[in-house]
Amino acid sequence: DLLLSLSNLRSSSRSILPALDVCEKEVLFALETALKQLKQMREVEGNILAKDLKARLIKIGQWIEVMQDSEKEAPKRHRDLMLKRLKDMGLELDLGDERVLKEIAIWADRCDITEEIVRLKSHLQQFQQDLEGEKNGRKLDFLVQELLREANTVGSKASELATTRAVLDVKTEIERIREQVQNLE
């Protein structure tokens, strides 16, 4: 139909396009070849994107371990620092005092990132599995949002500089992943 329309448009010029029945076989062959090449190119690009995304997921996993390790001793350091400050101010506290223990427990609970670490690892695992199967950009985009949400929560709870740095690195990688995921269909 397109060739016929073009033929009608160009009827006033010297060059006349051949009739469809004369060139239909060649046009269909060219179209099929172009579609096969497009599919192959998209598969190659998808594999390259998947490889890049997997490498970024490994980096994020390493930074999650840094977060987990750096926050492991945070409650003990916080307790020791609080007691030192109080002692420096001339205030002696009874370590058996329920109020002191309660304050330390509240702070320890508030800064506990265990749940976020578990969810981050779960999202990474799901992302990895989805990359191995049929790549669905929308589902991966959702996982990216969840990764970012958990990273932000860890950042807000972080009490250690190493954790804060790891969160910033994770968020940078998540943003790069988001850009790549938007290229997937």
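Reader: What share of the contacts in the protein chain with a separation of 6 or more comes from residues 24 or more positions apart?
Author: Those residues account for 74% of them, where contact means heavy atoms within 4.5 Å. This is a predicted model, where local features need pLDDT of at least 70, side-chain atom pairs count only at pLDDT 80 or more, and totals for chains, interfaces and linings use all residues. Residues are numbered from 1 along each chain as its sequence is written, and side-chain values use heavy atoms, with hydrogens and water left out.

Reader: OK, how many helices and strands?
Author: Seven helices and zero strands; these are DSSP runs numbered from the N terminus, H or I of at least four residues for helices and E of at least two for strands.

Reader: And what does the C-alpha trace span along its principal axes?
Author: About 105 × 30 × 20 Å. The radius of gyration of the protein chain is 30 Å, while a compact globule of 185 residues would have one near 16 Å. That radius is taken over C-alpha atoms, and the globule rule is 2.2 Å times the number of residues to the power 0.38.

Reader: Switching topic: is Leu49 buried or exposed?
Author: Leu49 counts as buried because its relative accessibility is 8%; buried means under 20% relative accessible area, exposed over 50%, partly exposed in between, with a 1.4 Å probe and protein chains only.

Reader: Where is the place of Leu49?
Author: In helix H2, residues 20-72. The C-alpha atoms of Leu49 and Ala166 are separated by 24 Å.
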